[in-house]
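Student: I would like to go through this structure with you. Please hold each word you use against its definition.

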Amino acid sequence: MANGAQIEQISFLGLVKQNMRKLSMFIMLGLILIVFAVLTKGVNLTPRNITNIFIQNSYILILAVGMVLVIIIGNIDLSVGSVVAFSGAISAMLYNTGMGLIPTLILSLIIGGLIGCFQAFWIAFMRIPAFITTLAGMLLFRGLTYIITNVTPISLIDDGFKKIASGSLNIKGFKIGSYDGLALLVMLIAILLLIWFTFRQRNRKIKNGFTVLAFRFSIYKIIALAALIIFVFTRFAAYRGIPTVGLVLFIVTTIFIFITNNTVIGRYIYAVGGNAKSAKLSGINSEQVVFIVHVIMGVLCGLSGVVFTAYMNSALPQAGNQFELDAIASCFIGGAAASGGIGTTIGAITGGLVMGVINNGMSLMNIGADWQYVVKASILLLAVFYDIWSRRRSGLG
Amino acid sequence: MSDQYILEVKNLTKDFPGVRALDNVDFKVRKGEIHCLVGENGAGKSTLMNVVSGVFPKGDYEGQVIFKGKETNYKSTRDSENDGLSIIHQELTLSPYLSIYENLFLGHMKTKFGIIDWEACLRDSYPLLKRVGLDEVPHTIVSKMSVGKQQLVEIARAISRDAQLIIFDEPTSSLNDDESQKLLDLLREFRNEGITCIMISHKLDEVLAVADSITILRDGLSVVSYDVTEKKVSRQQIIKDMVGRELKNLFPKKEPNIGDIVFEVKNWTVYHPDYHNMKIVDNASFHLKKGEIVGFCGPMGAGRTELMMSIFGQSYGYGASGEILLNGEKVSFRNPKDAIEKGVGYVSEDRKSLGLILIQDVKTNISNSSLPKLSKRGIINKDLIRRKAEEYKEALQIRTPSLEQLVLNLSGGNQQKVVLSRSLLADPDIFIVDEPTRGIDVGAKFEIYSILNNMVKEGKSVIVVSSELAEAISMSDRIYVMNEGKIKGVLDRDEATQEGIMHMALVD
């Protein structure tokens, strides 16, 4: 006990104001959900549709998690769509040899990682701008995909692969009423973990004598997050249970939230993006950091390729077209800065969901792709404008 | 009488945030003379010239600038150029990948009905090049020529705009002796043709060789002007005028406790990162003892920062050669990381772009050099980072509302303390600080001096690169004097005076 707990004196509104920039994207996602709930008369909030939003956007969200790291170091990766297609095609071919799902998945991740190494080498050590390297990569891997697939779809020998995307996690016969039992159980555990983590963190701060927020704010936070968890999981439970892809997404997101917040490499990524020269003179091996980030992006492309192949139930030579643009847009809607150094995993996921909910809602309303592009473009511009405007106002440069 | 002077500056005052750069300065230049402007680093020479040439527009300063008998009203350098006043900056402003003749007429192209008349540009470039004595074909790409030749292009450019007054900001700082001599000859030629020249220079030999008048600035005040055509002035007199300020008691006392040599650099040579045959540091050798503060003095461009950065993990330049001995053992630092791990710390003179990550908060900046120590198996210990940051905030008196404050919102002095904290947390034995007190107020300066004194008290060794002679003399146990990439000599604490250092740098 250093000098006991110091409670920061701040009102609820003051706190919201202070964190407006962080909260704005969640508020935006909530508003968009509500707007489409009204427009589609609630169809977009049905269990089936909520599950679909996750499944249909999973491969973009996986890419966005990697892309946000690339954007934080101040680079861009235009090749992800083509790499998704290439690793997706390879995964289909590997699976069709009969080696089974897990070996296919592991090999696909390795191949993605090797592709990442290849591009990272040119970017980090040969100092070719990422924009150019990955533009070449975009053409190269699209071409290679055409070559290995012979420009025809590769269908899968059985339905096992498909489960990664459209399957769900169930325990046979474990049902509570009409709800899936496992989903409800996981929901309960998640809420308990949330409560435990929130208090553990607060107590540790108190123990170290740091300033903490008043107790009621912890309760508000728990209530808000628990409401979100309950909303999502009851939807899952009312449909088929937790989608497998939801689990994949959860694991990826958790790993990268941890990496960006709690590891040395995570801190190095932000440092290199914030000011590469300062970072270098601070003793950070910036080439190595850039290399690692692009390799991570490659591995996640491999994963996304597998998920997309599973979702389509075949490997298409045209797969992954324009995925890079969706992934990049997700990051910027989620508050990443084009100048580098700023961005979060959770922001990228939220940004991806904003785009996904808009796509989905407009499809439900039978609005075609033409208008979907227009609306998405407007959201991207407005979101980034708000971000830059609020940053300038609060003196963040 | 009034047309005797082509340029008159009256009661000029120019403020920067927190600093008065020029204070009621008067400055007169006669028509057709070579007028030299001398003064220490930061005396306000460049600021004065920037005001005159419209880099700082009218309204940005107080006082009057009268050119050719009329008060000027320049909004940018474009206006002053049109008025016949050109400035040749220390850093050349040519477009590197364009040819000589394209550069010559950049901004005032010869046109016919709005279309560039390349024939005319090319034709007119020959006499201009001849006039400045540049024997290159106009098609040559400027980046392929030496700095001296590039400078001639820039001068030709000024003449092509019918300049009546040309300001040269340290024109010979990156030229060799031969090129410098040619440039001085060119200035004399201009004088004969009736073009007025103002030259800012640190090289007193050149100043005395070429000047008709000399004005000396010190701390933003115009100290004195000499008319050399009437009466000669001595070097000593000029140096005295440059530095002649009284030393106030601005420095904390320290009791030196000096041990053996811990760090030694031998025959260190570094070349310019872009011009690979231009020596920036020339065969420099020096050493540092345990518990010692060693100062590095010399004019701007002497190569001090470049020497330190190239030692610190080859952070500057090309083709560095020489030996580094750490505790008697030969070492080499592959990169800054390597240097930090072996116990060398470096704090850059340019804290904003080379020291800090402005968009990150105070505690993150402090931790950035020491994360391996503040983590276990790659996972950082956030509580420990916070505690360490708190510790340094207390020890160095960093004034910030919280450790979560972004460093870009801190004042210069507090930013400097954050950079120092970052380097100190990495626990260096050899600590190199480059201009540690640049742009910060007196109180913060005193605190930073105390921090350095505390370090040597703990048995560490410090190198201070400083352009403030008073600071270097008061802080250092020994002072190395550098100029033009060479170490010109070393002075002990007792024998170092401002005049002595200047003399060593500029004359010997």
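Student: What should I know before we start?

Tutor: This is a predicted model, where local features need pLDDT of at least 70, side-chain atom pairs count only at pLDDT 80 or more, and totals for chains, interfaces and linings use all residues. Residues are numbered from 1 along each chain as its sequence is written, while chains are lettered from A and ligands numbered from 1 in the order in which they are written.

Student: How many helices and strands does chain A have, and what counts as one?

Tutor: Chain A has 16 helices and eight strands. Both are DSSP runs numbered from the N terminus: helices are H or I with at least four residues, strands are E with at least two. For chain B the count is 17 helices and 24 strands.

Student: Why is chain A called as compact as a globular protein of its length?

Tutor: Compare two values. The radius of gyration is taken over C-alpha atoms, and the globule rule is 2.2 Å times the number of residues to the power 0.38. For 397 residues the rule gives 21 Å, and chain A has 22 Å, which is close, so the description holds. The C-alpha atoms of chain A fill a box of roughly 70 × 60 × 40 Å along the principal axes.

Student: What makes A:Val186 buried?

Tutor: Count its neighbours. A residue is buried if 20 or more other C-beta atoms lie within 10 Å of its own, exposed if 12 or fewer, and partly exposed in between, with C-beta atoms placed from the backbone. A:Val186 has 21 within 10 Å, so A:Val186 is buried. This residue lies in helix H8 (residues 181–207) of chain A. Of the 397 residues of chain A, 43% count as buried; of the 508 residues of chain B, 46% do.

Student: Which residues does A:Val186 touch?

Tutor: A:Val186 touches A:Phe233 and A:Ile242, leaving aside residues up to four places away in sequence. Contact means that the C-beta atoms, placed from the backbone, lie within 7 Å.

Student: How do you know which strands make up the six-strand sheet of chain B?

Tutor: Look for pairs. Two strands pair if DSSP finds at least two bridges between them. In chain B the order is S6-S9-S10-S3-S11-S12, an open sheet with mixed pairing.

Student: Why are S6 and S12 of chain B said to stand at the edges?

Tutor: Strand S6 (85–88) and strand S12 (221–227) of chain B each have a single partner strand, so one side of each is left without a neighbour in the sheet. From one strand to the next, the twist averages 15°.

Student: How many bridges join S6(B) and S9(B)?

Tutor: Four, in the parallel sense, join S6(B) and S9(B). B:Ile87 has B:Ile167 as its bridge partner in S9(B). B:Leu85 and B:Ile87 point one way from S6(B), B:Ser86 and B:Ile88 point the other way, and all are buried.

Student: Where do strands S3 and S11 of chain B come in?

Tutor: Strand S3 (residues 34–39) and strand S11 (residues 213–218) of chain B pair in the parallel sense over five bridges. There, B:Leu37 stands opposite B:Thr215 in S11(B).

Student: How many residues of each chain are in contact with the other?

Tutor: On chain B there are 31 residues in contact with 26 residues of chain A. Helix H10 (336–341), helix H11 (351–355), strand S20 (379–380) and helix H13 (382–395) of chain B each supply at least two residues of the side that touches chain A.

Student: What classes do the residues on that side of chain B fall into?

Tutor: That side of chain B has 15 nonpolar, 11 polar and five charged residues. Ala, Val, Leu, Ile, Met, Phe, Trp, Tyr, Cys and Pro count as nonpolar, Asp, Glu, Lys and Arg as charged, and the others, Gly among them, as polar.

Note on methods:
Contact = placed C-beta atoms within 7 Å. Axes fitted to C-alpha atoms, helices over the stretch in contact; angles between N-to-C directions.
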